Amino acid sequence: MSAAPSSPAGTTRPARPELRRVEANGIELNVAIAGEGPAVLLLHGFPHTWRLWTPVMDRLSDRFRVIAPDLRGFGASTRAEDGYDAGTLAEDAEALLHALGETSAAVVGIDAGAPPAFLLAMRRPGLVRRLVVMESLLGRLPGAEEFLAAGAPWWFGFHSEPGLAESVLPGNEHRYIDWFLDAGTLGQGMDPAVRAAFLDAYTGSEALRCAFSYYRALPSSAGQIRDAVGTGRLTVPALAIGARPVGRALEQQLRPVADDLTGHVIEDCGHIIPLHRPAELLRLLEPFLAPEAATAPVAEG
């Protein structure tokens with residue numbers, strides 16, 4: 001395990017959000033909420049929980065009502081038997097916003113949180129004010145051919161085989177999850193408390209089953225994304241942010257289907273952008289998410 005820095009660059013004082021249990025779409029979501037103002041919904045990926053957003057929540061909560069759930073099956077949310085496809089996750093997000101009294105929100109998704117964020121914006125453009133997607137691919141949409149030239153990352157096949165990974169990993173979960181955390185920060189570490197929370201959240205065969213269910217639902221998610229772009233376009237303003245390893249692949253997938261898209265790559269940044277380069281991420285998010293952002297576009301990089 002790499003030594004973690006005591007205060008990652010760009011972080012402010014630790015956010016102290018309110019934690020709630022919210023019924024949404026037939027399950028209970030564990031949700032962190034902070035601040036007041038226009039809603040910003042933050043959707044994490046694997047192997048994260050809502051704590052992924054800890055380094056940026058405090059700053060964002062100065063101007064926004066920040067809503068950061070543990071996704072279905074992750075963290076302290078319901079470990080559902082099914083519903084891990086992007087379409088159902090988008091329904092979870094929509095139901096959560098309605099349960100919290102929000103009629104409009106900016107939606108930010110990274111990794112496994114990006115496809116449901118995209119589908120929510122496609123299906124409910126009146127609900128999604130702005131869309132930010134990071135370090136993910138959108139099904140089999142064209143544009144990611146170079147990224148996938150050598151095939152999908154090795155763990156996709158391992159996680160996709162029903163029952164396999166969760167049967168062989170118990171007892172070694174921390175070593176396994178820690179590999180992704182180190183790779184996602186280019187070996188530079190993260191806050192020890194956040195790392196410990198992630199490791200704890202993915203301990204046990206049932207926690208692993210839920211996490212890997214996202215991968216097993218990828219074919220269904222890809223079909224939902226294909227159908228969405230086959231019958232409509234992404235009309236809400238969108239920002240695609242890449243780092244290592246995805247780079248511009250996500251932006252390239254979105255270009256043909258988006259009416260208003262800005263792309264940016266954060267240099268020398270690992271996959272877990274909010275933990276590795278929070279200051280750089282905030283410099284992109286704050287102007288883009290602002291209500292007056294329509295007259296102050298984010299510069300492409």
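**Figure 1. Charged side chains across the predicted model.** The protein carries 26 positive and 36 negative side chains, and the centres of the two sets are 2 Å apart. Here Lys and Arg count as positive, Asp and Glu as negative, while His and the chain ends are not counted. Each charge is placed at NZ of Lys, CZ of Arg, CG of Asp or CD of Glu. This is a predicted model, in which local features need pLDDT of at least 70 and side-chain atom pairs count only at pLDDT 80 or more, whereas totals for chains, interfaces and linings use all residues. Residues are numbered from 1 along each chain as its sequence is written, and side-chain values use heavy atoms, with hydrogens and water left out.

**Figure 2. The overall fold.** You can trace 12 helices and 8 strands in the protein; these are DSSP runs numbered from the N terminus, with helices (H or I) of at least four residues and strands (E) of at least two. The C-alpha trace spans about 50 × 45 × 40 Å along its principal axes. For 301 residues, a compact globule would have a radius of gyration near 19 Å, and the protein agrees with its 18 Å. That radius is taken over C-alpha atoms, and the globule rule is 2.2 Å times the number of residues to the power 0.38. Buried residues make up 59% of the 301 residues; buried means under 20% relative accessible area, exposed over 50%, and partly exposed in between, with a 1.4 Å probe and protein chains only. Of the contacts (heavy atoms within 4.5 Å) with a separation of 6 or more, 76% come from residues 24 or more positions apart.

Figure 3. The whole structure holds 18 aromatic pairs. Rings of Phe, Tyr and Trp (its six-membered ring) pair if their centres lie within 6.5 Å; planes under 30 degrees apart count as stacked, over 60 as edge-to-face and the rest as tilted. Trp 154 and Trp 179 form an edge-to-face pair, because their ring centres are 5.6 Å apart and their planes meet at 70°. This pair links distant parts of the chain, with Trp 154 in helix H4 (residues 154-160) and Trp 179 in helix H6 (residues 173-184), 25 residues apart. Trp 154 is partly exposed at 48% relative accessibility, and Trp 179 is partly exposed at 40%. Trp 155 and Phe 180 also pair edge-to-face, because their centres are 5.3 Å apart and their planes are at 85°. Trp 155 lies in helix H4 and Phe 180 in helix H6, so this pair ties together parts that are 25 residues apart in sequence. Phe 180 is buried, with 9% relative accessible area.

**Figure 4. Helix H3 and its surroundings.** Helix H3 (residues 114-123) is largely enclosed by the rest of the structure, because 9 of its 10 residues are buried. Among the buried residues are Phe 118, Leu 119, Leu 120 and Met 122. The packing partners of the buried residues of H3 include strand E3 (39-43), strand E5 (105-110) and strand E6 (128-134). Helix H2 (86-99), helix H9 (218-231) and helix H10 (249-254) are also among these partners.

**Figure 5. Gly 87 in helix H2.** Gly 87 sits in helix H2 and is buried, with a relative accessible area of 3%. Apart from neighbours within four places in sequence, Gly 87 is in contact with Leu 119, Arg 123 and Gln 224. Its C-alpha atom is separated by 17 Å from that of Phe 46, which is 41 residues away along the chain.

Figure 6. Most residues other than glycine have a negative phi, and most peptide bonds are trans. Phe 46 and Pro 47 are joined by a cis peptide bond with omega of about -5°, and Pro 47 lies in the loop between E3 and helix H1 (54-60). Another cis bond runs from Arg 244 to Pro 245, with omega near 15°; Pro 245 is in the loop between strand E7 (238-242) and H10. Asp 111 has a positive phi near 55°, lies in the loop between E5 and H3, and is buried at 15% relative accessible area. Glu 135 also has a positive phi, about 45°. Its place is in the loop between E6 and H4, and Glu 135 is buried at 1%.
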